[in-house]
Amino acid sequence: MLFDKPETISLLSCQTCKATGYIGFSKCKECRGMSAGHFDRGNWLFWFYPLTRYHLSLAKARRIFNKVRFFSSIILWLTAWGWGIYFISRNLTINFSLILDPAYWLYLLSTIHGIGAVLFYAGAWILLYLWYRAIVERIKKANVERYHYGEYGAIKEPEEKLEISQWNQTKKIKSKKKINIADTFTDEALSVLGEA
Ligand SMILES: [Zn+2]
C-alpha cells in the first residue's frame, strides 16, 4: 500500500433535522441549528447555515436585493454627479494651468454652492456608501484556525481530547472553542453551495 489508511473522522450529524439545522421555520432543538459537527484539536467545528429550501430562497432573495440596491446606488451616484457637474460648470471657470495643484482643487470645492453643491456632496456620500458595501460584502466573518503544517508533528496535541457523540455534550464546550465553519465562507461560496 502506497497510502496510509485515512483516519475516520468522527462527525456528529443531527438525525432530528437531517443535518439541515432547521425543522420547518424554527431552529432544530436537538442540535440548536448546528446540523453537523466535529471535535478536533480542542475546537468544536460545526456547520451553522440552514440548508432548507425556505432559508436558501431567503438567502437568494437577500443577494438579489443587495445587487438591486448596489446598482440603484450606482445610478443615483452617476445622476447626482452628472447633474452636479452640470450645475457647477455653468458658473465656474477653470484655470487649466493650475489643474495639477491640489490647493487649487480645494479652492474650487470651496467655491461651489447651491444645488450643484448639494448634488456633489450627495454623490460623494453615495460613493462612500458603495465603497462600504463593497467591503462588507466581501468580508469573511471568521477564520477556522491557524494550523502550521511546516511544524507538523512538533506541536503538541491539545490536552483536551473529547469524544462528542451526543448533541447535549456540545453545551459544555466554551463558546470561544466553538467555530462555525459556515462563517468562513464568502457569500459567493455559500450561494454556490445553496445551488448545489
Ligand atoms: Zn438538528
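Helices (H or I, at least four residues) and strands (E, at least two) are taken here as DSSP runs, numbered from the N terminus. On that basis the chain comprises four helices and six strands, and along the sequence they follow the pattern β-β-β-β-β-α-α-α-β-α. The model is a predicted one, in which local features need pLDDT of at least 70 and side-chain atom pairs count only at pLDDT 80 or more, while totals for chains, interfaces and linings use all residues. Residues are numbered from 1 along each chain as its sequence is written.

Let us turn to the sheet. Four strands make up an open sheet in the order β1-β4-β5-β6, with mixed pairing; two strands pair if DSSP finds at least two bridges between them. The edges are held by β1 (11-13) and β6 (178-180), each of which has a single partner strand, so one side of each lacks a neighbour in the sheet. On average, neighbouring strands of this sheet are turned by 25 degrees against each other, direction ignored, with axes being lines fitted to C-alpha atoms (for helices over the stretch in contact) and angles running from 0 to 180 degrees between N-to-C directions.

Strand by strand, β1 and β4 pair in the antiparallel sense over three bridges, and Leu-12 has Gly-37 in β4 as its bridge partner. Gly-37 is in turn the bridge partner of Phe-46 in β5, where β4 and β5 are antiparallel and joined by four bridges. Strand β5 (residues 43-46) and β6, by contrast, run parallel and are joined by three bridges, with Leu-45 standing opposite Ile-179 in β6.

A residue is buried if 20 or more other C-beta atoms lie within 10 Å of its own, exposed if 12 or fewer, and partly exposed in between, with C-beta atoms placed from the backbone. Buried residues account for 13% of the 196 residues in the chain.

Two loop residues deserve a look. Most residues other than glycine have a negative phi. Ser-35, in the loop between β3 (26-27) and β4 (36-40), has a positive phi near 50 degrees and is buried, with 23 other C-beta atoms within 10 Å. Arg-41 lies in the turn of the β4-β5 hairpin, which has two residues between its strands, and has a positive phi of about 45 degrees; with 13 C-beta neighbours inside 10 Å, Arg-41 is partly exposed.

Beyond its neighbours within four places in sequence, Phe-46 is in contact (C-beta atoms, placed from the backbone, within 7 Å) with residues including Met-34, Lys-178 and Ile-181.

Among the helices, the axes of α1 (residues 53-90) and α3 (residues 114-138) come within 8 Å and cross at roughly 155 degrees. The two are therefore roughly antiparallel, given that angles under 35 degrees count as roughly parallel, over 145 as roughly antiparallel, 65 to 115 as roughly perpendicular and the rest as oblique. Residues that meet across this pair include Phe-70, Trp-77 and Trp-81 in α1 and Leu-119, Ile-126 and Leu-130 in α3.

Technical notes
Contact = placed C-beta atoms within 7 Å.
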